Amino acid sequence: MFGIATAGGRRGQGNRDWRVKAALFSLAALGAAAACGAGLGWLGSLIPERGRVVGVSLFAIVFMAAGLAQLRPASRIWLWERDCETAQAWLQLGALRWAIVNGAALGTGFLSRIGVISWYVVPLAAVGFGSPELGAILYGLYGGIRGLAVWLWIAWLRRARSHLGDPVTSVLELGAPGKRLSAALLVALAAATIVVAGA
Amino acid sequence: MLRGETTGSDRRPHYVGFVAGALGLGVGVGIVGRLQGGAGFLFGAACFAAFTAAILQQTLP
């Protein structure tokens, strides 16, 4: 994301207003996510409602067990996460294309690093609700937040006038609590799903 | 993110994210008014999970 403010200058497009790059990044993230959600929702609509309820219930049970395992005190169990860093080659595309491609990758989630288990709720819920519209809204919220976060980051950076330093340390320290928070959220959502689906 | 890069910031974005998540929960249920009862609640909760996952993914190293 820092590339929005910095990579352009190294790639000969430094004259581009950072707002243009940030807007492309945000729109790409939102659009790609909404498209994914609509597609998954459409796929879900092909599954009979009873099948979706059963499938979602089974996933909820698995998620609850996995989340509880991670929440145990001093647990060293970290649920599966996909390590997929942004391709370095994308930097050769130039700042504008980089903003679009990287924004789309972050918006979809599965094309970038998946660092929290609760991400899997997004595509599964999009399928489970079985509606392209609901899927687009749900997935679009995810991608939209990731895409729009760039504005917060840049605003902070412009005010702080620094890219590195203490903020990096504080973010690294948040790794484990953040994952536990993700697991707790997963357990709560799984419990709610089981209750609602069973009613 | 590029390796070695970070979306680093102080802790404020987390609070911003969770406020946004709470709003998303309400907005999700509100927008999709045709989902009644448990389905509407689950959709709102899924919206909250999506918000939280997005914020955490932006801030985890």
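Modeller: A residue is called buried if 20 or more other C-beta atoms lie within 10 Å of its own. The model is a predicted one. By that criterion, the buried residues of helix 4 of chain A are A:Ala95, A:Trp98, A:Ala99, A:Ile100, A:Asn102, A:Gly103, A:Ala104, A:Ala105, A:Leu106, A:Gly107 and A:Thr108.

Biologist: What makes helix 4 of chain A largely enclosed by the rest of the structure?

Modeller: The count of buried residues does: 11 of the 14 residues of helix 4 of chain A are buried, so the helix is largely enclosed.

Biologist: How do you know that the span of helix 4 of chain A agrees with what it should be?

Modeller: The expected span is 1.5 Å times one less than the number of residues. For the 14 residues of helix 4, residues 95-108 of chain A, that should be 20 Å, and the end C-alpha atoms are 20 Å apart, so the two agree. Just after this helix, A:Gly109 has a positive phi of about 85 degrees.

Biologist: What is the pattern of chain A along the sequence?

Modeller: The pattern reads α-α-α-α-α-α-α-α; chain A has eight helices and zero strands. Chain B has two helices and zero strands. Buried residues make up 43% of the 199 residues in chain A, and 49% of the 61 residues of chain B.

Biologist: Why is helix 2 of chain A called oblique to helix 5 of chain A?

Modeller: Helix 2 (residues 18-45) and helix 5 (residues 121-129) of chain A pack at about 45 degrees, their axes being 6 Å apart. That angle makes helix 2 of chain A oblique to helix 5 of chain A, because angles under 35 degrees count as roughly parallel and 65 to 115 as roughly perpendicular. The crossing of these two helices of chain A is right-handed.

Biologist: Which residues meet in the packing of helix 2 and helix 5 of chain A?

Modeller: From helix 2 of chain A come A:Gly37, A:Leu40, A:Gly41, A:Leu43 and A:Gly44, which meet A:Pro123, A:Ala126, A:Val127, A:Gly128 and A:Phe129 of helix 5. By class, this contact between helix 2 and helix 5 of chain A has six nonpolar, four polar and no charged residues.

Biologist: At what angle do helix 2 and helix 4 of chain A cross?

Modeller: Helix 2 and helix 4 of chain A cross at roughly 35 degrees, and their axes come within 7 Å. This crossing of helix 2 and helix 4 of chain A is right-handed. By class, their contact in chain A has 14 nonpolar, five polar and one charged residues.

Biologist: Why does A:Ala136 count as buried?

Modeller: A:Ala136 has 22 C-beta neighbours inside 10 Å and therefore counts as buried, since the cut-off is 20 or more. A:Ala136 lies in helix 6 (residues 132-160) of chain A. Its contacts, leaving aside neighbours within four places in sequence, are A:Ala34, A:Gly37, A:Ala38 and A:Gly41. The C-alpha atoms of A:Ala136 and A:Gly37 are separated by 4.2 Å, although these residues are 99 residues apart along the chain.

Biologist: What makes B:Leu42 a buried residue?

Modeller: B:Leu42 counts as buried because it has 23 C-beta neighbours inside 10 Å. B:Leu42 belongs to helix 2 (residues 37-59) of chain B. Not counting residues up to four places away in sequence, B:Leu42 touches A:Ala192, A:Thr193 and A:Val196.

Technical notes:
Residues numbered from 1 in each chain as written. Chains lettered and ligands numbered in written order. Predicted model: local features only at pLDDT ≥ 70, side-chain atom pairs only at ≥ 80, totals over all residues. Helix = DSSP H or I, 4+ residues; strand = E, 2+ residues; numbered from the N terminus. Buried ≥ 20, exposed ≤ 12 C-beta atoms within 10 Å, placed from the backbone. Axes fitted to C-alpha atoms, helices over the stretch in contact; angles between N-to-C directions. Parallel < 35°, antiparallel > 145°, perpendicular 65-115°, else oblique. Left-handed = near helix turned anticlockwise from the far one by under 90°. Contact = placed C-beta atoms within 7 Å. Nonpolar A, V, L, I, M, F, W, Y, C, P; charged D, E, K, R; others polar.
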